[in-house]
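This report describes selected helices, contacts and backbone features. The structure is shown first, and the notes follow.

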Amino acid sequence: MLFDYEVLRLIWWALLGVLLVAFAVTDGFDMGVAALLPAVARGDGQRRQVINTVGPVWEGNQVWFVLGGGAIFAAWPALYAVSFSGFYLAMFLILVALIIRPVAFKFRSKRDDAGWRARWDAALCFSGVVPALIFGVAVGNVLQGVPFHFDSDLRPFYTGSFFALLNPFALLCGLVSLAMLVLHGATWLQIKADGEPAERARRIGLIAAAVVIVLFAIGGFWVSNMEGYRVVGAMDPMGPSNPLRKEVVTEAGVWLANYGAQPLLWLVPLVGFGGAALAMLGLFTRIGALSFLGSKLSVAGIITTVGVSMFPVILPSSSDPGHSLMVWDASSSHYTLGIMLIATVILLPIVLLYTAWVYKVLWGKVRESDVNKDMY
Amino acid sequence: MIDATLVELSRLQFAMTAMYHFLFVPLTLGLSFMLAIMESVYVMTGRTIWRDMTKFWGLLFGINFAMGVATGIVMEFQFGTNWAFYSHYVGDIFGAPLAIEGLMAFFLEATLVGLFFFGWDKLGKVQHLAVTWLVALGSNLSALWILVANGWMQNPVGSVFNPDTMRMEVVDFAAVIFNPVAQAKFVHTVAAGYVTGAVFVLAISAYYLLRHRHEALAKRSFTVAASFGLAAALSVVVLGDESGYTITDNQKMKLAMIEGMWHTEEAPAPFALFGIPDREAQETHYELKIPWVMGLIATRSIDQEIPGIRELMALSELHIRDGLLAYDALETLKVDESNAEARQTFLENQEYLGYALMLKKYVEDPRDASDEQIAMATRDALPNVFALFWSFRFMVVIGFYMIALFGLAFYMVSLRRRVPRWFLRVAFYTLPLPWVAAELGWLVAEYGRQPWVIEGVLPTFLGVSSLTVTDLLITVAGFLVIYTTLAVIEVKLMLKYIRKGPEEEESADNLARLDERFSPAFNRPQE
């Protein structure tokens, strides 16, 4: 095989990040738009205008989420098993939102009844707000450690409860995530819409950007004092994927240790802040391209910050730290990681190519006067 | 030990959400190709009526597609949420086709389907046609990868258990992709989807023809459906996946159960046309057999034996005992990785490890199992023969009925015989049948695989997540409420748009002329 096991694990850790960022950057703006729908669009014409800015693309964007699920299953099966069954009811809420979303987009304008449309608008708003919040809450819990362990057959057991997920730090992360996606949706609307909805989105976006900056900073201080997870002794980065064969301790400030070792990493959270500031500038000066670039950078920076802070931990166990999932002991086999990399290298560029083509075809603003020609 | 109620609820939820998802999949598979065919005619002939057709059937396609996407997302995540041990145990193999499906297929159809609807004014004719074909290609490739994953559950090739990681791992990915069971299933499933699309178009066109509405469009649609449907119906039956049933012991068990064949019959085995299989007495009452047919269908030969249920059960018991040797060696390896003797014993018996795991239903440590518990586990290898026997027969009957229906329809439209009104009514009432057949087919495939989730490797009950019964009650109830509501809304919308009919951009004069000019097969009888 071209790469050894250690390199492949690193690549797949990075690809996991790439997929999550791609999901948040693409599907993030349409979730943000859905969340903003009742706030920025008054009357059916404006509602349809706003929905149609994402109407032709949300379906493709959502595949990043599905692909994320598939890639975690294929490359990090233990993570897939533990996190999805552990966060069971939270995952169910996300699934409910993602079931309702496609249907809401598709069915809303298929009847002329005002009550019908108002109910689907509410459903769309729900399907934008809820996943954005829960993804953040989930990340907040991951950073603090999640109560799970394995038995000797590697059957995972989760010992927490749904309401324990809703702790203060996790809720803070939920708000960061929500504010970030609302900002992203607002900058998208600044580019793709015009008139009142674009103007309202611009004003809400300015507030959201400020919220992102403040809450992300508070989160950073919180993490610097939080108990992080660290492996005792050295791990074999080429060893078998068995999470029972190491010792892990918790220690305050460990989540910042990587920045001490690699000061260049400070650029990552800086992009998170800088992106939000750039988005603010773009919204202020009404330069849409600038604000959309800014919100994209901010989303990417914030998500990547979580990854590099925790590396090489992927999912720490608070009840049995030794069972935590690491980059070195939770991946698929060497062979599977290799096959999957080949598939990705061949197929992903093709995906990017036709996705770019679709956005090019759809280039330009969606106006209220256009909506009667379109489907939604 | 694993809570039996938890297992039953997890299975119920999976069966419910999967069967619901598959109400939308076959129509997407078939209709996407029919849209591509209709639009191709439009691009080649330049006649607006064919674009009207593409747009009208496309509208119904869109309603169905949204439901397929919405319910498909649940499938991708449900392995992790509800089958966590399964996910860990086989994720190294099973996850890959799912991820590749996303990359190669789902991205293609989902990204381009937006342009299908929004792109009519933004794209050139040929560009739009290309988009439509790519959506059809994407949805069919999607079926390919999902069935590669499912085929592996039926016939787990190209993989071994790794005692260091306590899970199955891939050793030969090509074997997983070119798994004969997966390939047979793929062809059978997409062909069934084409039949579904064809019946949908045929039935609704018949409805318009019966009411003398939109006749120009309905006649053309009827003709497309008749030809596409005949080819598809023939493929479904001829390429039925029975040929895959001779490959493994468990596939053989499924075959024996479908046939209610308790004992090995002399080759070539007869086909039981009718019978009442009795699980307790282990025999089939009132059997009506046609000699030779089964042997020919299943083995494509006259001298190969098909083993009976009892013989296969006896084999199961032997496997359980060999599996116990593997299990014992594995327990040694857990505490002492470097024990060479245990590793050797494990390697020699590893293919039967799954059979020892069957005992975990009755005893914490399979090595403590009594002879009676082993006998119980052996009996578990036998699911509900009656249900399989009859599900299969109903499915096959529907399959042959489809050939007759499309054969007649094709004969009438191609030889320009008049299509009588009774035939239009029959075509209309056929509408639900392809869905019935598809669900029965999955019942045979998945229920027939029990008690295994991965045949011979992992018993179903072991695969579940460590959740509580309350967790499951909440989500089963939740899915039930949401899915029922959506089903009602979906059907209402479909009916609304079918009643409303297509919006023809073709002018009224033209339509009348087009109506006259088309095949005389649809001419009304002289009063």
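## Helices, contacts and backbone geometry

In helix α10(B), the buried residues are B:I309, B:L312, B:S316, B:H319, B:I320, B:G323, B:L324, B:A326, B:Y327, B:A329 and B:L330. A residue is buried if 20 or more other C-beta atoms lie within 10 Å of its own, exposed if 12 or fewer, and partly exposed in between, with C-beta atoms placed from the backbone. Helices (H or I, at least four residues) and strands (E, at least two) are DSSP runs, numbered from the N terminus.

The model is predicted: local features need pLDDT of at least 70 and side-chain atom pairs count only at pLDDT 80 or more, while totals for chains, interfaces and linings use all residues. Residues are numbered from 1 along each chain as its sequence is written, and chains are lettered from A and ligands numbered from 1 in the order in which they are written.

Helix α10(B) covers residues 309-335 of chain B; its 27 residues should span 39 Å at 1.5 Å a residue, and its end C-alpha atoms are 39 Å apart, which agrees. The expected span is 1.5 Å times one less than the number of residues. Chain B is divided into domain 1 (12-247 + 383-507), domain 2 (265-306) and domain 3 (310-380), with bounds from an automatic or database domain assignment. Taken over C-alpha atoms, the centres of domain 1 of chain B and domain 2 of chain B are 31 Å apart.

In chain A, helix α11 (residues 288-310) has 23 residues and reaches 34 Å from its first C-alpha to its last, close to the 33 Å expected at 1.5 Å a residue. Of the 23 residues of α11(A), 18 are buried, so α11(A) is largely enclosed by the rest of the structure. Helix α1 (residues 5-40) of chain A packs against α11(A) at an angle of about 150°, with the axes 9 Å apart. Axes are lines fitted to C-alpha atoms, for helices over the stretch in contact, and angles run from 0 to 180 degrees between N-to-C directions. The two helices, α1(A) and α11(A), are therefore roughly antiparallel, a term for angles over 145 degrees. At this packing, A:G17, A:L20, A:V21, A:A24, A:V25 and A:G28 in α1(A) meet A:K296, A:V299, A:A300, A:I303, A:T304 and A:G307 in α11(A).

Residues are in contact if their C-beta atoms, placed from the backbone, lie within 7 Å. The contact between the chains takes 61 residues from chain B and 62 residues from chain A. On the side of chain B that touches chain A, α3(B) gives the largest share, 25 residues.

Within chain B, B:M494 lies in helix α17 and touches B:L60 and B:I63, not counting residues up to four places away in sequence. B:M494 and B:L60 are 434 residues apart in sequence and 6.5 Å apart in space, C-alpha to C-alpha.

Most residues other than glycine have a negative phi, and most peptide bonds are trans.

| Cis bond | Omega |
|---|---|
| A:F311 to A:P312 | about 0° |
| B:Q450 to B:P451 | near 10° |

A:P312 is in the loop between α11 and β5 (313-315) of chain A. Phi is positive at A:L154, near 65°, and at B:H212, near 55°. A:L154 counts as partly exposed, with 19 C-beta neighbours inside 10 Å, whereas B:H212 counts as exposed, with 9.

Conventions:
Angles under 35 degrees count as roughly parallel, over 145 as roughly antiparallel, 65 to 115 as roughly perpendicular and the rest as oblique. Two residues are in contact if their C-beta atoms, placed from the backbone, lie within 7 Å.
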